[in-house]
Amino acid sequence: MLLATMLKGMIGGDQNATLDRLLDECDARTQGLEGLLQAPEGAAPRHTFTSTAPPELLSMATVSAARRLRVAPTMIRMMGALQKSTRYYDARFKPDGREARPELFVELEEAARRGGAAAVRYVSLPDDSIFRGKGVPHRNVIVYAVAMRKEALDTAPSFEAFQEVARAYLRLLLLGNRLTELLRARGHAAYPGTALGGLTDYTRLAELAGLGAIGYHGLLITPEDGVMLRLNTIYTSIENLPTVEAEEVGWIRDFCAMCGKCVRSCPVDAIHPRPVAQDSGRVQCIDAGVCLDYFAQNFGCAVCADVCPFTQVGYDRIRRRFKGNPTAPRYTLTTEPS
Ligand code: SF4
Ligand code: SF4
């Protein structure tokens, strides 16, 4: 059914709402599990992919048939992997080994790197990271990232950049399924995220896990790969997930406070000049509704990711210049109350 919905969307150019429908089908499968941790009252909703732009202006409707065919193999494999990910949410699956041997984490991280992961981290999920109306099977989360090629993102917004992002999501999904199999084979419960959409706020979880910091464009910035990343999660019964010594990256948002390049470069002014603090303590960086219409008509846009100095100049050079500059602002709180 998932595959059928997706193919109809691609072939018919009915990209509007197709992805949300798919993701809702995925989420529905989680609801059969017992003891889900539910989102608290007032939790943030997951961003929608359904834009208000006319269907005939959406990227998949305007792209040539040749290009559609070029991306089709990636999309079909992606939806096959997504379908497989959702099948793990089966109430008949019971293992729940809570204590893992240290060697398992070595094995897991090696398997992740072989499968193309740029980084793996662990975090205990705060309730407010669960999206409104969603539930997750376990609080213990493995967060992992795959990197994208800068050369492709440099062309954003473009079909090439869109293809690179699609390939990243495919790698995330394949990897999530592989790591889930590994953990289950060792007697632990594991449920992969869907990479696209998801039950929880992956970017926030990645920041809490010490992978990097969220920039003003709302994307994660890491020491290893800057902004060129996409994220996914695995929810597991393992309670002794190892914490990883992380580089201190709090200065990134101070740098953002004097940079603002993504704010100025966004074609539709969707990025707030300063992230807006929410009552929950989370921050809102983007007006998602404003971003979405442009995003949907321009191959997923990604201009903000591309212009970011962490993409163009690189983390290490920025860190050296900024941290070595005595007059640069330090650890200022740069969010504004809602
Ligand atoms: S472009 Fe500048 S302000 Fe925007 S996230 Fe990157 S560093 Fe921060
Ligand atoms: S993806 Fe494009 S439209 Fe959306 S915030 Fe970034 S630059 Fe703006």
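**View 1. The contact between domain 1 and domain 2.** In this predicted model, 33 residues of domain 1 are in contact with 31 residues of domain 2 (contact: C-beta atoms, placed from the backbone, within 7 Å). Helix H6 (150–153) and H7 each supply at least two residues of the domain 1 side; H7 gives the most, with four. Helices (H or I, at least four residues) are DSSP runs, numbered from the N terminus. By class, this side has 18 nonpolar, eleven polar and four charged residues. Ala, Val, Leu, Ile, Met, Phe, Trp, Tyr, Cys and Pro count as nonpolar, Asp, Glu, Lys and Arg as charged, and the others, Gly among them, as polar.

**View 2. The two domains of the protein chain.** Domain 1 spans 2–236 and domain 2 spans 251–337, with bounds from an automatic or database domain assignment. Their centres, taken over C-alpha atoms, lie 22 Å apart.

**View 3. The shell around ligand 2.** The shell has 14 residues, of which Cys-266, Cys-291, Cys-301, Val-303 and Cys-304 come nearest (near: C-beta atom, placed from the backbone, within 6 Å). Helix H11 (288–297) and helix H12 (303–307) each supply at least two shell residues. H11 gives the largest share, three residues. The shell has 13 nonpolar residues, one polar and no charged.

**View 4. Tyr-144 and its surroundings.** Tyr-144 touches Ala-112, Ala-117, Ala-119, Val-120, Leu-175 and Asn-232, not counting residues up to four places away in sequence.

**Numbering and confidence.** Residues are numbered from 1 along each chain as its sequence is written, while chains are lettered from A and ligands numbered from 1 in the order in which they are written. Local features need pLDDT of at least 70, side-chain atom pairs count only at pLDDT 80 or more, and totals for chains, interfaces and linings use all residues.

Key. Contact = placed C-beta atoms within 7 Å.
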